[in-house]
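The following account leads through a single protein chain, passing between individual residues and the overall fold. Please keep the sequence and the coordinates in view while reading.

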Amino acid sequence: MMGKFMPLLAAASEGGEFDIKEMILHHLADSNTWETPFGVVHLPQFAPVQIGPISLDFSITKHVLFMMIAAVLVAVLLILAGRDAAREHRAGAERGPKGAANVVEAFVLYLRDEVALKNIGHGGERYVPYVITVFFFILFCNLLGLLPWGASPTGNISVTATLAVMTFIVVEVAGMKALGFKGYMSTIFYVPHGLPKPLVPIMLIIMTPVEFLGKLTKPFALAIRLYANMTAGHAVVLALTGLLVLAGMANALFVAPAPILMAVAIMILEVFVALLQAYIFAMLTAVFIGLIRHAH
């Protein structure tokens, strides 16, 4: 963010106009360009692919670029950590790998034992890779937005909505596989055991919309929670840095330490929020899978 802030400070010092609201919206929004220390990079743009009435745009935007970077970082991190762990185990070591690989293994083991298996229950091993992958992907997407000239894809509602829809599909498929067709349909058309037959239609009319909405509110909550938390933190930091620019324009630099200290404090808090939001998303994913596999 400081990378985004410095050109604004230079413009302000030269007497240029400065709109703090426009600055915040500009840096939070997705873009076809990427501002770097060496200038503005124009990202590849492609003609939309038309499939019937649907138009698909595969152009690379700033958030798509940083999602790609996050995906590569996750793959490299987990593959290297996995190789180190396998090498240590082949050598007969009872302990885990050394160095950074040990930290990654500690995260993976915690996510497997305390997040995935504990919430999903028996047979949850097959869902552990998804829970671990979604945690590290969201974590890297969150952290990349804290780097100079970086961007946080999880500050884009389209990204968080897509992640939530993917989790929704995994949850529903897990329910179908665990409960079978009849059992899965009972999670939508719920009728309590022992209910008198004359009351069954009434119960279905009342409970079916409730159960159906209950399914849809889970991915909605996942998408909004992640998007709102990441956007709010970045907006606060940008607002504080904008105050510094305004102080420079008003020749009141004696107040500058206050917004700088608050911005640094918020940035430190943002590191914790980035980790916490990735953990909450992974935890809720495991909880939702466990709930539907043991429904009713």
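**From one residue to the whole chain**

Leaving aside residues up to four places away in sequence, Leu-284 touches Leu-222 and Arg-225. Leu-284 itself is found in helix 8. Its C-alpha atom lies 12 Å from that of Leu-111, although Leu-284 and Leu-111 are 173 residues apart in sequence. The model under discussion is a predicted one, and every value given here is computed from it.

Among contacts with a separation of 6 or more, 70% are between residues 24 or more positions apart. The chain has 8 helices and 4 strands, and their order along the sequence is α-α-β-β-β-β-α-α-α-α-α-α. Along the principal axes, the C-alpha atoms fill a box of roughly 80 × 60 × 45 Å. Of the 296 residues, 37% are buried. The accessible surface of the chain is about 16500 Å², and carbon and sulfur atoms contribute 73% of that area.

Helix 5 has 17 residues, and the distance from its first C-alpha to its last is 24 Å, close to the 24 Å expected at 1.5 Å a residue. Because 14 of its 17 residues are buried, helix 5 is largely enclosed by the rest of the structure.

Helix 6, covering residues 157-185, presents another case. This helix has 29 residues, yet its end C-alpha atoms are only 30 Å apart, whereas a straight helix would reach 42 Å at 1.5 Å a residue. Where is the kink in helix 6 centred? The kink is centred on Leu-179 and amounts to about 115 degrees.

The surroundings of helix 6 can be described through its buried residues. These are Val-159, Thr-160, Leu-163, Ala-164, Thr-167, Val-171, Glu-172, Ala-174, Gly-175, Gly-183 and Tyr-184. The buried residues of helix 6 pack against helix 3 (62-90), helix 5 (128-144), helix 7 (200-249) and helix 8 (257-293). Helix 5, largely enclosed as described above, is thus one of the packing partners of helix 6. Helix 8, which holds Leu-284, is another of these partners.

The C-alpha atom of Phe-181 is separated by 33 Å from that of Gly-52, a residue 129 positions away along the chain.

Phe-46, Val-49, Ile-51, Ile-54, Leu-56 and Phe-58 form a nonpolar patch on the surface, and together they have about 560 Å² of accessible area. Strand 3 (49-51) and strand 4 (54-56) are the elements that give two or more residues to this patch. Ile-51, one of the patch residues, lies in strand 3.

Charged side chains supply a further set of features.

In one of them, Asp-84 pairs with Arg-87, and the closest N and O atoms are 2.5 Å apart. Asp-84 and Arg-87 are 3 residues apart in helix 3, so about one helical turn separates them. Asp-84 is partly exposed at a relative accessible area of 23%, and Arg-87 is partly exposed at 46%.

A second pair joins Glu-114 to Lys-118, with 2.7 Å between the closest N and O atoms. Glu-114 and Lys-118 lie in helix 4 (residues 100-120), where a spacing of 4 residues separates them by about one helical turn. Glu-114 counts as partly exposed at 34% relative accessibility, whereas Lys-118 is exposed, with a relative accessible area of 56%.

The remaining pair discussed here is formed by Asp-113 and Arg-112, whose closest N and O atoms are 2.8 Å apart. Asp-113 has a relative accessible area of 31% and is partly exposed. Arg-112 is likewise partly exposed, with a value of 34%.

Terms used:
Residues are numbered from 1 along each chain as its sequence is written. Side-chain values use heavy atoms; hydrogens and water are left out. Patches are made of residues with over 30% relative accessible area and no salt bridge: like charges are joined within 9 Å, nonpolar side chains (Val, Leu, Ile, Met, Phe, Trp, Tyr) within 5 Å. Accessible areas come from the Shrake-Rupley method with a 1.4 Å probe; for residues, only the protein chains shown count as cover. A salt bridge is a side-chain nitrogen of Lys or Arg within 4 Å of a carboxyl oxygen of Asp or Glu. The expected span of a helix is 1.5 Å times one less than its number of residues. The bend at a residue is the angle between axes fitted to the seven residues ending there and the seven starting there. Buried means under 20% relative accessible area, exposed over 50%, partly exposed in between (1.4 Å probe, protein chains only). Contact means heavy atoms within 4.5 Å.
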